[in-house]
Amino acid sequence: MANGTIAMTDLPVPKAEKSFFEQSTNKHSGILSWLLTTDHKRIGLMYMFGIISFFLVGAIIGLLMRLELLSPGGKIFSAQTYNSLFTLHGVIMIFLFIIPGIPAIFGNFFLPIQIGARDVAFPRLNLLSWYVYIVGAILALTSLFLPGGPIDTGWTFYIPYSVRSGSNVSLAIFAAFILGFSSILTGINFVTTTHRLRAPGMSFFKMPLFVWATYATAWIQIIATPVIAITILLVIIERAFGVGIFDPALGGDPVLYQHMFWIYSHPAVYIMILPAMGVVSEIIPTFARRTIFGYKQIAYSSLAIAFIGYLVWGHHMFSSGQSDTSNWIFSLLTFLVALPSGVKIFNWVATMYKGSIDPQPPFLWVMSFIVLFSIGGLTGLVLGALATDIHLTDTYFVVAHFHYVMFGGTGTIFIAAFHYWFPKMFGKMYNLKFAKIAVVTYFIGFNMLYFPKFIMGYLGMPRRYYDYLPMYTPYQRISTYGSWILVSTLFFIVGYFIHAYFRGKKATSNPWGGVTLEWHIPSPPPVENFKVIPVITHDPYDFSQLKEMKDE
Amino acid sequence: MSPAPTAHVESVDFVMLYIVAISVILLIGITVTMIYFVFKFNRKKGHQPVDIHGNLLLEVVWIVIPTLLVLSMFYFGYTSYREYRIKPDNPLVVDVTARMWQFTFKYGNGKMTDTLYVPVNTAIDLEMKSMDVNHCLYIPAFRIKEDIIYGQTHHLYFTPKEVGDYDIACAEYCGLNHAKMYTKVKVINDDQFTKWYGGNWQPVKTEIPKE
């Protein structure tokens with residue numbers, strides 16, 4: 001140990017250290033040892049089961065919507081069913097999949113390990129957040145089956161329709177209210193953990209960028225989520241007691257609702273994308289085997305995005321009759337928030353320069369992300385400009401744009417993160433050839449599904465339509481065929497991971513040659529992660545450590 | 001390509017083309033560079049990786065140039081939008097009522113229709129109200145839309161310069177038959193319009209009172 005990377009290596013490591021699968025943090029065994037666990041890794045995996053299940057449900061609902069749109073005429077579902085389908089697709093994908101997604105699974109699992117901690121700052125609170133998530137999910141599911149029927153307002157719950165609708169609006173949005181608390185509690189936990197539990201020597205600028213991104217996200221979760229909680233409560237009060245807050249028939253202001261909704265929901269977009277950007281900043285250096293280009297610039301841009309992200313909500317409302325002055329200010333700020341994201345993309349590509357690139361599946365998923373996310377970001381510029389937004393808002397162009405950003409961005413990286421960390425989490429390796437095939441079919445299916453929507457949007461196809469004019473048929477067809485390829489790929493991916501879990505080859509502790517702390521400990525990690533808390537002397541992406549690590 | 005039905009269409013299409021052209025260049029640049037690096041610096045070639053922590057000049061350049069680009073996009077988007085929002089002089093005012101799930105148009109002489117008829121080369125001012133929930137009157141061919149928030153009056157201005165039929169859609173989700181809330185704007189020439197209207201429709205020019 002010339003320069004003392006990790007004190008742990010000085011100690012004799014017992015050959016068969018028990019992993020967190022085999023050893024529980026409580027006195028129970030079996031299912032109870034999971035349901036009552038305070039181990040951040042087990043909680044991460046429990047989130048994983050919930051979140052992936054809802055992701056697949058959301059994807060199947062999306063598949064059904066595309067099936068309805070295969071031909072004009074509205075033949076398969078009734079209008080009411082379709083309206084509920086797109087609402088559920090949005091609610092499930094946003095509140096149950098993409099907002100918790102990366103932070104709840106990978107943040108829980110890897111944030112403590114990457115800063116050299118044994119757990120999060122408040123392990124019991126962490127378990128509580130999981131239960132709050134599950135209660136929220138159960139309420140959302142219950143609302144589907146009660147009299148009144150599934151919610152049909154769109155995931156934005158715009159007033160006055162959401163006050164007039166006879167469907168189970170109150171229960172469904174109450175579920176979103178509950179889910180918000182899960183998000184807030186996780187945020188508090190991550191902020192405290194990052195501040196208090198960093199290993200000796202790990203200054204803020206030695207933290208891996210995934211930690212930076214998750215940390216910035218946690219602040220948004222804490223500060224922005226209460227706004228949606230208040231808004232939802234006001235809608236419920238309005239529905240239940242007829243108090244006029246938003247509904248003009250009772251003396252309220254519906255535009256006020258839109259403001260309050262987007263004051264949360266726009267920052268929420270960054271809750272969704274920032275952790276994904278953090279994962280990208282982990283994967284690229286590992287497979288290029290060199291340090292990240294512009295570490296501080298990337299770290300600061302996460303904070304910049306988190307901050308400016310609060311100030312752009314009005315760009316969702318350019319056509320709502322808000323003043324022209326508001327419109328140009330929001331438009332200008334929107335263009336400014338695009339810059340730190342653009343800078344990150346340049347940094348990532350520059351990190352490949354003069355590297356030693358081994359394009360393994362996690363890296364290939366990131367390449368696919370860079371293309372899809374760039375398309376999503378660049379089409380965001382079209383929507384940020386006032387003249388074009390007036391034409392394109394509330395059309396398929398917007399639908400295409402946010403699917404490229406959220407699914408092509410965050411969704412792709414959600415999958416990439418599994419490919420990167422699966423061997424660490426489960427100690428097994430998946431079939432690399434299958435994973436490479438999946439990247440290709442995913443990329444093709446994705447673009448077939450969503451690219452035609454840009455064209456349809458420009459031609460004037462409004463969103464949330466269960467039927468359409470015959471002129472759109474060829475584009476709608478391609479889109480539906482794409483959905484078949486994409487959803488099959490998703491199931492294929494789930495399939496080869498399940499296969500790997502049961503039949504896969506044993507993974508080594510560092511299959512990719514990563515240098516952040518999780519690659520210094522066994523796969524799967526032991527309950528307490530580190531026998532001895534490491535002392536950090538290296539920068540996070542200093543690959544000169546690799547040689548020493550071989551001797552570990 | 002048929003001629004643009006309003007002057008505003010040309011200006012919106014220009015903004016679109018401007019942003020998309022820059023975007024395509026950036027996208028191709030990023031993608032090609034990335035793929036080139038993956039081949040050029042492939043591990044199989046046995047390169048020794050070089051740790052480059054940053055390059056101040058490069059980082060300044062790739063902040064400054066994109067900033068200038070997006071500011072120009074903002075500018076074009078804003079100026080085109082400004083023109084569209086200016087209330088025209090002496091427009092033909094049509095009252096629009098939106099309800100689940102149809103639009104109704106009412107003219108100065110009390111004539112009511114569910115299809116919008118307008119004379120060509122005349123400035124139109126749609127004065128829009130909703131009877132129930134939020135709607136949005138959207139004319140894709142003219143690249144314009146405006147929400148109709150329940151409880152408020154909204155205006156949409158346009159001056160068609162080509163005769164023809166164009167779709168009107170509702171673009172703000174309004175419940176069950178939102179997708180069926182389609183109608184048309186029929187742009188016809190003055191004589192036809194006078195005949196259809198049944199009399200003089202020319203908006204009275206408001207005289208500016210002299211001191």
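What follows is a talk about labels and the rules behind them.

Modeller: This is a predicted model, so local features need pLDDT of at least 70, side-chain atom pairs count only at pLDDT 80 or more, and totals for chains, interfaces and linings use all residues. Residues are numbered from 1 along each chain as its sequence is written, chains are lettered from A and ligands numbered from 1 in the order in which they are written, and side-chain values use heavy atoms, with hydrogens and water left out.

Biologist: Why is the contact of Asp39(A) and Lys41(A) called a salt bridge?

Modeller: The rule asks for a side-chain nitrogen of Lys or Arg within 4 Å of a carboxyl oxygen of Asp or Glu. Here N and O are 3.1 Å apart. The pair therefore meets the rule.

Biologist: Are Asp39(A) and Lys41(A) buried or exposed?

Modeller: Buried means under 20% relative accessible area, exposed over 50%, and partly exposed in between, using a 1.4 Å probe and protein chains only. Asp39(A) has 2%. Lys41(A) has 0%. Both values are under 20%, so both residues are buried.

Biologist: What makes Arg85(B) and Asp324(A) a pair?

Modeller: Their closest N and O atoms are 2.9 Å apart, which gives a salt bridge. This pair crosses between chains, from helix 2 (residues 56-85) of chain B to helix 11 (residues 324-352) of chain A. Helices here are DSSP runs of H or I with at least four residues, strands are runs of E with at least two, and both are numbered from the N terminus.

Biologist: How exposed are the two partners, Arg85(B) and Asp324(A)?

Modeller: Arg85(B) has 23%, so the label is partly exposed. Asp324(A) has 18%, so the label is buried.

Biologist: What links Asp167(B) and Lys184(B)?

Modeller: Their side chains meet in a salt bridge, 2.7 Å from N to O. The pair links distant parts of the chain: strand 9 (residues 164-170) and strand 10 (residues 182-188) of chain B, with the two residues 17 apart. Asp167(B), at 24%, is partly exposed. Lys184(B), at 32%, is also partly exposed.

Biologist: What makes strands 2 and 3 of chain B partners?

Modeller: Two strands pair if DSSP finds at least two bridges between them. Two bridges join strand 2 (residues 102-106) to strand 3, and the strands run antiparallel. The count therefore meets the rule. In one bridge, Phe105(B) has Thr113(B) as its partner.

Biologist: In what order do the strands of the open sheet stand?

Modeller: Its five strands have the order 3-2-1-5-8 in chain B, with mixed pairing. Strand 3 (112-113) and strand 8 (154-158) are at the edges, because each has a single partner strand, so one side of each lacks a neighbour in the sheet.

Biologist: How do you know which residues Leu250(A) is in contact with?

Modeller: Contact means heavy atoms within 4.5 Å. Leaving aside neighbours within four places in sequence, Leu250(A) is in contact with Glu238(A), Gly242(A), Val243(A) and Gly244(A). Leu250(A) belongs to the loop between helix 8 (209-241) and helix 9 (254-288) of chain A. At 41%, Leu250(A) is partly exposed.
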